[in-house]
Amino acid sequence: MERFFVGPSGPLSGRIEVFGAKNSVLKLMAATLLAPGRHEIGNVPAITDVAIVRELLGAMGVESLHSGGGTSGHLTLTVPNEVIPVAPYELVEKIRASIVVLGPLLARYGSARVSLPGGDDFGHRPIDMHLHALEELGVVFTTEHGYVEGRCDRLVGARVVFEFPSHTATDNILMAAVLAKGTTVIENAAREPEVIDLADMLTGMGAHIEGAGTSRIEIEGVEELRPASHVAIPDRVEAATWLAAVGLAGGEIELLHARADHMEMLIEKLAEMGVRCVDTGSGILATATHPLRSVDISTLPYPGVATDYKPFLVTMLSIASGVAIVTENIFAGRFRYVDELRRMGADITTKGHHAVVRGVPRLSGAPVRSPDIRAGAALVLAGLVADGATEVSGAEHIDRGYENLAGRLSALGADVRRVNE
Ligand code: EPU
């Protein structure tokens with residue numbers, strides 16, 4: 001049982017490197033299924049989600065080697081001519097992002113059997129948009145025994161209109177369409193920087209894609225692709241974690257490699273709250289002025305304020321002066337960690353997808369449990385502004401998305417330790 005022990009901290013100072021984007025890397029790994037041969041991906045952090053997707057691809061016959069960590073983390077994946085196109089329950093259950101193997105498997109092998117993802121800490125998360133869009137490209141699905149099985153001849157390009165700009169559904173259709181016959185157009189596509197990163201890697205493999213990063217992506221299918229050599233973009237959610245840390249504990253830190261252009265709306269909100277971010281060209285210099293000020297927040301698809309930032313923002317609002325209304329528009333169930341913040345003395349009321357956060361001067365250290373990656377990191381940050389000791393259990397959730405969270409926060413002057421019991 002591993003936990004984080006956190007003590008009151010601040011002001012923070014120093015430099016921190018932002019590592020590769022989890023939600024890019026996982027899709028880049030799936031995209032290697034589109035071409036046999038040896039693929040190279042750089043800037044791959046040593047996080048559990050990468051290890052699970054390696055295991056998933058390994059079960060299909062893909063050999064992989066992950067060396068180093070942080071910005072030096074490098075992944076080599078060797079994809080055979082034939083793979084076993086199955087994503088088993090044991091692995092999909094660990095990571096919902098496994099669903100992104102569906103598009104590439106169907107595009108290249110004409111068949112895929114993927115366990116249906118269950119519910120998780122965000123509540124019910126369906127995959128209907130993935131399936132409907134793939135059906136438009138010619139896939140026939142059957143569902144039995146908890147698995148969805150798709151079959152097709154060569155996919156045929158089509159116009160796909162999403163009712164919501166789903167991030168992974170956009171990834172999936174993009175990866176399917178690159179090998180389809182003819183043109184595919186995705187309307188109301190997700191615009192996240194990670195979608196652009198995936199499109200960049202696919203383009204490097206020989207795909208023809210226009211419009212990634214906009215709501216309309218046009219893909220001209222090609223006959224075959226070649227292996228990739230690509231470096232993942234920095235993780236904007238990890239960057240947001242460090243910005244929240246300095247916002248809470250005060251001080252000035254520099255985030256090396258952070259892309260201010262990938263987090264404009266967040267930076268605007270932080271400025272209103274009292275955290276000033278300056279784009280240095282090589283990263284972001286962040287300075288916090290206390291007390292923080294409350295602002296209302298609504299999560300929205302990119303370029304809106306990402307739902308993944310919300311646990312950090314709610315933690316900051318917990319100690320800000322004033323009252324804020326936070327509205328969750330992406331995942332209805334994503335307020336579960338609020339109970340843990342309340343145990344630390346935060347004054348938060350939730351109703352449906354709204355939360356009212358009344359700032360208190362300081363939180364109070366308590367044993368709390370990490371419910372998921374980002375909320376877990378937010379609870380560690382809450383400990384920085386809590387009197388006494390905070391003990392965050394469920395470290396394994398945090399490890400899914402953070403390499404060495406405790407060590408990197410300590411290097412900025414925070415009192416954070418990881419203890420293995
Ligand atoms: N939705 C459907 N049907 C679908 C797909 C999505 O109804 O077929 C709904 C979802 O239930 C949700 C909304 O559409 O209400 C948006 O979900 P989306 O598909 O965009 O989310 P996702 O692609 O499953 C990714 C990230 C999440 C991040 C969200 C929102 C990955 C692996 N995951 O999830 O990241 O919160 O986009 O930006 O890219 C994390 O990193 O811990 C994480 C959860």
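Ile 41 stands opposite Leu 75, a residue of strand β5. That pairing belongs to a predicted model. The chain is divided into domain 1, made of 2–18 and 234–420, and domain 2, made of 22–227. The points below cover the domains, the strands, the rings and some backbone details.

**Domains**

- The C-alpha centres of domain 1 and domain 2 are 30 Å apart.
- Domain 1 gives 24 residues to the contact, and domain 2 gives 23 residues.

**The sheet with β3 and β5**

- Four strands form an open sheet in the order β4-β5-β3-β14. The pairing in this sheet is mixed.
- Its edge strands are β4 (63–67) and β14 (229–231). Each of these pairs on one side only.
- From one strand to the next, the twist averages 15 degrees.
- Strand β3 covers residues 37–42, and strand β5 covers residues 74–79. β3 and β5 are antiparallel and pair over 6 bridges.

**The sheet with β19 and β21**

- Another open sheet of 4 strands runs β18-β19-β21-β20, again with mixed pairing.
- β18 (297–298) and β20 (347–351) stand at the edges with a single partner strand each, so one side of each has no neighbour in the sheet.
- Strand β19 (residues 323–327) pairs with strand β21 (residues 354–358) in the antiparallel sense, over 5 bridges.
- Ala 324 faces Val 357 of β21 across this pairing.

**Strands β15, β16 and β17**

- Strand β17 (residues 283–288) pairs with strand β15 (residues 251–256) in the antiparallel sense, over 6 bridges. Here Glu 254 stands opposite Leu 285 in β17.
- β17 also pairs with strand β16 (residues 275–279) in the antiparallel sense, over 5 bridges. Asp 279 has Ile 284 in β17 as its bridge partner.
- β16 and β17 make a hairpin, with 3 residues between them. In the turn, Gly 281 has a positive phi of about 95 degrees.

**Aromatic rings**

- The whole structure holds 1 aromatic pair. The rings of Trp 242 and Tyr 402 have centres 6.4 Å apart and planes at 70 degrees, so the pair is edge-to-face.
- This pair links distant parts of the chain, with its members 160 residues apart. Trp 242 is in helix α8 (residues 236–249). Tyr 402 is in the loop between α13 (395–399) and α14 (405–411).
- Trp 242 is buried, because its relative accessibility is 0%. Tyr 402 is buried too, with a relative accessible area of 2%.
- The charged end of Arg 113 sits over the ring of Tyr 147, and the distance to the ring centre is 4.2 Å.
- Lys 310 lies over the face of Phe 335, 3.9 Å from the ring centre.

- Helix α4 spans residues 102–109 and is mostly covered, with 7 of its 8 residues buried. Among the buried residues are Leu 102, Leu 105, Leu 106 and Tyr 109.
- Glu 149 is in strand β9 (residues 147–151). Its relative accessibility is 23%, so Glu 149 counts as partly exposed.
- Leu 106 and Glu 149 are 43 residues apart in sequence. Their C-alpha atoms are 9.9 Å apart in space.
- Leaving aside neighbours within four places in sequence, Glu 149 is in contact with Ala 112, Arg 113, Val 140, Phe 141 and Thr 142.

**Cis peptide bonds**

- Gly 10 and Pro 11 are joined by a cis peptide bond, with omega about -5 degrees. Pro 11 is in the loop between β1 (2–7) and β2 (12–17).
- Tyr 302 and Pro 303 are also joined by a cis peptide bond, with omega about 10 degrees. Pro 303 is in the loop between β18 and α10 (310–318).

- Asn 188 is not a glycine, yet has a positive phi of about 60 degrees. Asn 188 is in the loop between β11 (183–187) and α7 (193–204). Its relative accessibility is 29%, so Asn 188 counts as partly exposed.
- His 257 has a positive phi, near 75 degrees. His 257 is in the loop between β15 and α9 (264–273). At 34% relative accessibility, His 257 is partly exposed.

Notes: Residues are numbered from 1 along each chain as its sequence is written. This is a predicted model: local features need pLDDT of at least 70, side-chain atom pairs count only at pLDDT 80 or more; totals for chains, interfaces and linings use all residues. Side-chain values use heavy atoms; hydrogens and water are left out. Rings of Phe, Tyr and Trp (its six-membered ring) pair if their centres lie within 6.5 Å; planes under 30 degrees apart count as stacked, over 60 as edge-to-face and the rest as tilted. Helices (H or I, at least four residues) and strands (E, at least two) are DSSP runs, numbered from the N terminus. Buried means under 20% relative accessible area, exposed over 50%, partly exposed in between (1.4 Å probe, protein chains only). A charge sits over a ring if NZ of Lys or CZ of Arg is within 6 Å of the ring centre and within 35 degrees of the ring normal. Two strands pair if DSSP finds at least two bridges between them. Axes are lines fitted to C-alpha atoms, for helices over the stretch in contact, and angles run from 0 to 180 degrees between N-to-C directions. Domain bounds come from an automatic or database domain assignment. Contact means heavy atoms within 4.5 Å.
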